[in-house]
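Hi everyone, thanks for coming.

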Amino acid sequence: MWSHLVVAGIFAGALPSTFASQISRRSESDVPAYRNADLCIDERVEDLLSRMTLEEKAGQMYHARTSLVNNTFDANIKNYITNKHITHYVFSGGVNDARVVATWQNELQQFALDNGGIPITLSSDPQHGWTQDTAVSNLGASFSRWTEPMGIAALRSPDLARQFAEIAREEYTAVGLRQALHPQVDLATEPRWGRSSGTLGEDADLTTELMVQYIKGFQGDRIGPHSVITTTKHFPGGGPMENGEDSHFPWGKNQTYPGNNQEYHLAPFRAAIEAGTRQMMPYYSRPIDTEWEEVGFAFSRGIITDLLKEELGFDGIVVTDWGIVSTRGWGLEDETMLERTRRIVEAGCDILGGETNPELMVELVNSGLVTEERIDRSVRKLLKEKFELGLFDNPFVNIEAAVRVVGNEYFSRLGNETQRRAFTLLTNPDDFLPLPVSARSARFYVEGIDEDAMAAYDLTVVDTPEEADYAFLRLDSPANYVPPGSGLTSSINNGSIEYNATVKAYHASIFEAVPTVVDIKLNRPAAVPEIAEAAAALFGSYGSSHEAFLDVVFGVDGWAPEGKLPFEIPRSQAAAEAQLEDVPFDSDTLFEFGHGLRYKDKCSQGCRRRGRL
């Protein structure tokens, strides 16, 4: 073991007292080269690599999960750091208290310093939206709250994408999160696919334009102590899933290209490489009926080395999607975990997401199946990234600064404004919206809106549609889970994009009783011609508060919908089934890509200028 790596380095800024005292006791000659900030990074990396055992190198090639449990370490992480030498972790759960998370981060870094010496890289799935699912995204309640990525796409502003990313970077770094497991730039050409909500839509050009600014906003002009590494996913484009299923699940493992449109789906990844994205994540899917081997993308040398690295020129880090050794080894289901690990390494991946078994990597080297030199190539890149992020020079965060930065008034105001702007008005017959000021004295039947939000607007809520003057329905996208779902299965919409007959009849009874404003959160396109025809007005949205909805419905302070659909909406489930999974804009549409109505000017009501939340 390399206990000499526990010695203190030269960290900038305020340090924990134990660490500062270690520094003061050591002479300059005792500081190893990898701790010398005056040396170039490559020299520091080589010095550190030369001191590491095979076991310690293997640990760097694993990206595990960790979380807060009663505001402290989870049960596994001390063992993972001390005995398995794992130093990359995704923070599972939302950043709900900046002080708690920043304090925990510092304690975690101190533990890593005392037990191996390599600082921790903390990553995160998206935190700034409205979806809470620790497998794909989190609800970071203390962060500024924005619409989700599809809402950014609905506003079609590269400047907004850059602004969002820069603010998210400030909040991430304040609490010690240094890697974003996003952006998700799969093209949502398959309307039935349940993970469309994390994308930037169906159009390759729009996705590319927004994504470039997103990457630059998170990473900065160059990687340094204020950067958040982006992980562009899911190479080579996870959108064209067979029958719209999802490859998290064994029944959805296949990716298909019936329109021979692979190049369309590669376009955002080409641009991400040019923009300097530092990591790339392949999807779980296995391609069928292509020239590629029918195994999960991260197992395929043809995908990772031949296509991504050699043809497209990506020289960054390739991180697998989570759990492909232990649970989602599509195409290699009958192989051992050891063999799956070997295939991942030979394909050209650098770090295994969601796995905690570096002993398999050690076994591969000791048995002669993989060379240590091949391990060194990946570890060298992973260590270099830690040095570039400044983690070896100061892994700690300023707790009081974190409290001031996270969710501050300015960041929160911008997020709240974007929520309101991103609403997409799909129908508004007879200019029903915005509702006049006089409507606030009416009676409302509501579903999907907290009563507290209604009370804050002094709106009277009644128990039945028949008692009401207006109804507001905020609905989730249709999801008819096949097979019936729970947990992750129920969070990734699948099945028909239509509501079932029972739900349709129920909605119709409300529409018949009272003028109804409907808002559907478009996790994926919703084929709802019956609502478009019968509702008083219909919105699509992408993550927003009840207050944002009410502001837009009433035109408070001039708020009005500005969003345009980032995908087309098929007329029916049958129309979705008839289109080709990999081809954009090819279904019989209810609403076309780019559709989005505007309010007529009703500001004679006395609306104030927008932006004063």
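**Cavities and a helix pair**

So, the largest cavity has a volume of about 50 Å³. A cavity here is a set of points on a 1 Å grid over the protein atoms alone where a 1.4 Å probe fits but cannot get out, and lining residues have an atom within 4 Å of a point. Keep in mind that this is a predicted model, with local features needing pLDDT of at least 70 and side-chain atom pairs counting only at pLDDT 80 or more, while totals for chains, interfaces and linings use all residues. Residues are numbered from 1 along each chain as its sequence is written, and side-chain values use heavy atoms, leaving out hydrogens and water.

What lines that largest cavity? Among the residues are A188, E190, P525, F567 and D586. By class, that's five nonpolar, two polar and four charged.

The second largest cavity, at about 40 Å³, has a lining of 10 nonpolar, no polar and no charged residues. L426, I520 and F591 are among them.

Now the helices. Helix α2 (residues 41-51) and helix α13 (residues 372-388) have axes that come within 9 Å and cross at roughly 125°. That makes α2 oblique to α13, oblique being whatever is left after under 35 degrees (roughly parallel), over 145 (roughly antiparallel) and 65 to 115 (roughly perpendicular). Who meets whom? On the α2 side we have residues including R44, L48 and L49, and on the α13 side residues including D376, R380 and F387. By class, this contact has seven nonpolar, no polar and seven charged residues.

How values were computed:
Axes fitted to C-alpha atoms, helices over the stretch in contact; angles between N-to-C directions. Helix = DSSP H or I, 4+ residues; strand = E, 2+ residues; numbered from the N terminus. Contact = heavy atoms within 4.5 Å. Nonpolar A, V, L, I, M, F, W, Y, C, P; charged D, E, K, R; others polar. 1 Å grid on protein atoms, 1.4 Å probe; cavity = no way out; pocket = protein on both sides within 12 Å on 5 of 7 lines; lining within 4 Å. Points joined across faces, edges and corners; volume = space filled by probe spheres on them.
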